[in-house]
Amino acid sequence: MIADVIVVGSGPSAAQAAKRLVEFGLRVLMLDYGNDAPGLRDAIPDGSFEELRRTDPGQRTYLLGLGERFTAPREFVEADTASLLPIDSQTFAPVQSLALGGLGAGWGAGAPTFEPFELEAVGIPPAEMDEQYDAIVADIGVSAACDDDTARFVARSNGVQLPARLDDNARSLLEAYAVHRKSLLTQGFALGRAPLAMLTQARETSGREANRYEDMDFYGDAHRSIYRPRYTIDDLRKNPLFTYLAGMLVREFEERDGVVTVYADRRGERIAHSARALVLAAGSINTARIVLRSQHRAGVRVPLLCNAMSYLVCLNMRMFGRPARGPRHSLAQLAGVYTPPHRDGERVIASIYSYRSLMNFRLAREMPLPAVLGLQAARLLATGLTIVLVHHPERFSADKTLELDADGWTLRAHYAHSVQERRAIDADCRGVKRALKRLGCVTLAQIATRPGSSIHYAGTVPTDANGKIPEHDRVFAADASGWKALPAKGLTLTLMANSRRIAAHVARALLDEVRA
Amino acid sequence: MKPDRVLARLKPSAREIERLAFNETDQARASSFEPITPGPVVASLMLAAIAVAGIVCAPVRLLLGRSRK
């Protein structure tokens with residue numbers, strides 16, 4: 001098949017761009033490396049975390065793993081990237097992926113929307129996004145509360161499913177918030193249920209079930225209640241207009257006489273594919289690598305955006321020493337939206353998790369105690385332990401750049417916060433901790449994560465508003481590489497909505513060309 | 001020695017954590033890893049006792065050079 005459009009990557013933006021292009025009747029070829037681990041994922045027996053802990057003799061295969069960032073069944077998300085996608089940096093440690101579904105295969109399913117001022121800052125026309133958000137919400141299934149204090153900042157009201165049920169820990173925080181609501185809102189802090197790309201009602205037509213609150217969400221995808229890009233790709237593969245080629249490490253492209261040719265390595269062999277247009281969606285960092293290599297721009301610095309992330313380990317005193325009953329899931333339970341006075345209206349987002357299914361040994365490992373004592377401390381803290389991930393907004397700065405090495409493939413990242421940025425991040429954390437304290441949540445430890453840990457990257461390949469890379473006529477970036485800012489909110493839902501918008505522009509341009 | 005380095009040296013060794021992880025994923029021992037919920041007052045006392053035991057053990061552990069490997 002000769003494709004109309006080649007899509008590089010298979011993550012959230014690639015899957016949605018491909019889907020939209022196929023909806024326009026275009027022939028799409030997706031080139032992807034496509035790592036996967038179906039054996040490990042599918043070997044997890046059906047059951048809740050607690051039940052499997054008590055009964056499954058094979059639990060070590062999926063509960064134990066070497067990775068710091070992903071559980072064992074999700075380690076494939078990062079597999080092969082250290083050798084195939086090299087980054088040379090002392091200051092920036094990003095997570096990259098060559099997985100089927102890209103980083104979306106390990107996505108925590110946070111699905112906030114951007115507000116119009118945030119879309120404008122990013123460089124996306126807000127007027128075009130309502131329709132796209134609605135389409136994505138309808139497609140992937142999002143559960144959210146439309147009636148709490150954070151809804152106007154992060155949630156859609158159209159087409160969302162009922163919000164996920166809260167566990168005892170989150171419910172107690174929300175009850176405390178109701179008591180202190182007025183004063184917290186005055187301080188710029190609102191608390192509500194987190195919008196999630198998780199089904200709370202089954203969708204029989206797509207074979208996806210409602211989440212069963214088994215607390216296994218960090219391990220398997222049983223019942224497919226949490227959206228993964230590979231579901232979209234699996235559906236697309238049934239369509240004759242769509243072709244998926246795995247094992248392809250895309251290296252570069254060239255554009256000549258109205259045709260784009262993409263060169264990829266497959267087991268050491270160089271393979272070329274041509275199409276009328278190219279949509280790059282390999283993730284902001286790898287898209288930059290492909291573009292810089294294709295443009296022979298080694299040594300040229302391009303911008304790099306990444307949300308700073310702080311990690312607060314807290315104890316909810318209302319739950320300390322008390323039993324936690326009822327349903328649980330592993331994703332963010334609550335979202336705190338903090339609008340600090342020093343941020344000029346920008347939001348700081350606090351995603352609030354209950355720590356239950358990530359094992360006691362991981363906690364004991366961090367305590368300055370013998371393991372046997374650390375374990376007992378972890379068991380005592382377990383029901384009230386609350387993990388808060390604070391994401392900070394990000395803007396361009398000359399101290400955050402990416403450049404292609406002279407070898408034509410390795411990327412060098414330079415990343416440093418200014419003194420002013422560090423102060424703003426500290427002030428954000430102080431504000432969030434103050435609000436948590438009002439809710440009866442004591443901060444036990446604050447961990448500043450290494451730049452790159454947030455897995456939110458953007459800004460590496462400047463594009464126009466429709467994703468077109470200015471130096472080319474037929475090459476587009478549908479991931480976040482063209483974004484001009486990075487709000488603190490999880491970006492995946494907006495990535496998908498925006499890639500759908502960009503794909504529609506690409507499709508219309510190609511169809512107009514045929515008509516002309 | 002700086003306090004944060006002392007605290008780091010007091011963390012359990014890799015071998016201790018490996019053994020703990022192995023035991024934690026043994027279904028026969030699941031109950032010894034479940035949350036302890038005796039109420040906030042007793043839980044506070046138990047936590048205080050753990051802290052005291054940790055402090056008592058600390059000099060010996062430092063002397064033995066037990067560090068996270």
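How many residues of chain A are in contact with residues of chain B? In this predicted model, 34 residues of chain A are in contact with 34 residues of chain B, where contact means heavy atoms within 4.5 Å. The structure holds 42 salt bridges over all chains, whereas a search of the whole structure finds zero disulfides. Residues are numbered from 1 along each chain as its sequence is written, while chains are lettered from A and ligands numbered from 1 in the order in which they are written. Because the model is predicted, local features need pLDDT of at least 70 and side-chain atom pairs count only at pLDDT 80 or more, although totals for chains, interfaces and linings use all residues, and side-chain values use heavy atoms, with hydrogens and water left out.

**The interface between chains A and B**

- Chain A and chain B bury about 3200 Å² between them, and 65% of that area is on carbon and sulfur atoms; buried area here is the accessible area (1.4 Å probe) that two parts lose on being put together, summed over both.
- On the chain A side, R60(A), R379(A) and L380(A) lose the most area to chain B, and together they make up 21% of what that side buries.
- Two salt bridges are counted between chain A and chain B, a salt bridge being a side-chain nitrogen of Lys or Arg within 4 Å of a carboxyl oxygen of Asp or Glu.
- The side chains of E366(A) and K11(B) meet in a salt bridge, with a distance of 3.3 Å from N to O.
- The pair joins two chains, because K11(B) lies in the loop between α1 (3–10) and α2 (14–24) of chain B, and E366(A) lies in the loop between α12 (360–364) and α13 (371–381) of chain A; helices (H or I, at least four residues) and strands (E, at least two) are DSSP runs, numbered from the N terminus.
- K11(B) counts as buried at 18% relative accessibility, whereas E366(A) is partly exposed at 41%; buried means under 20% relative accessible area, exposed over 50%, and partly exposed in between (1.4 Å probe, protein chains only).

**Salt bridges within chain A**

- D4(A), R27(A), R276(A), R474(A) and E513(A) are linked in a network of salt bridges.
- R27(A) is partly exposed at 33% relative accessibility, whereas D4(A) is buried at 5%.
- The side chains of E513(A) and R276(A) also form a salt bridge (3.3 Å, N to O), and because E513(A) lies in helix α15 (residues 492–515) of chain A and R276(A) in strand β8 (residues 269–280) of chain A, the pair ties together parts that are 237 residues apart in sequence.
- E513(A) has 36% relative accessibility and therefore counts as partly exposed.

**A covered helix in chain A**

- Helix α10 (residues 229–236) of chain A is mostly covered, with six of its eight residues buried, namely P229(A), R230(A), Y231(A), T232(A), I233(A) and L236(A).
- The cover over the buried residues of α10(A) includes α1 (12–23), β2 (28–31), α2 (38–42), α7 (129–140) and β5 (242–245) of chain A.

**Cysteines**

- The search that finds zero disulfides covers all chains, a disulfide being a pair of cysteine sulfur atoms within 2.5 Å.
- C314(A) is in no disulfide, and the nearest cysteine sulfur, that of C441(A), is 4.8 Å away.
- The sulfur of C429(A) is too far for a bond, because the closest cysteine sulfur, in C314(A), is 10 Å from it.
- C314(A) counts as buried at 0% relative accessibility, and C429(A) counts as buried at 0% relative accessibility.

**A nonpolar patch on chain B**

- V41(B), V42(B), L45(B) and M46(B) form a nonpolar surface patch with about 360 Å² of accessible area together; patches are made of residues with over 30% relative accessible area and no salt bridge, with like charges joined within 9 Å and nonpolar side chains (Val, Leu, Ile, Met, Phe, Trp, Tyr) within 5 Å, and accessible areas come from the Shrake-Rupley method with a 1.4 Å probe, only the protein chains shown counting as cover for residues.
- M46(B) has its place in helix α3 (residues 40–63) of chain B and is partly exposed at 32% relative accessibility.
- V42(B) is found in helix α3 of chain B and is partly exposed, with a relative accessible area of 39%.
- The C-alpha atoms of V42(B) and K11(B) are separated by 25 Å, and these residues are 31 apart along the chain.
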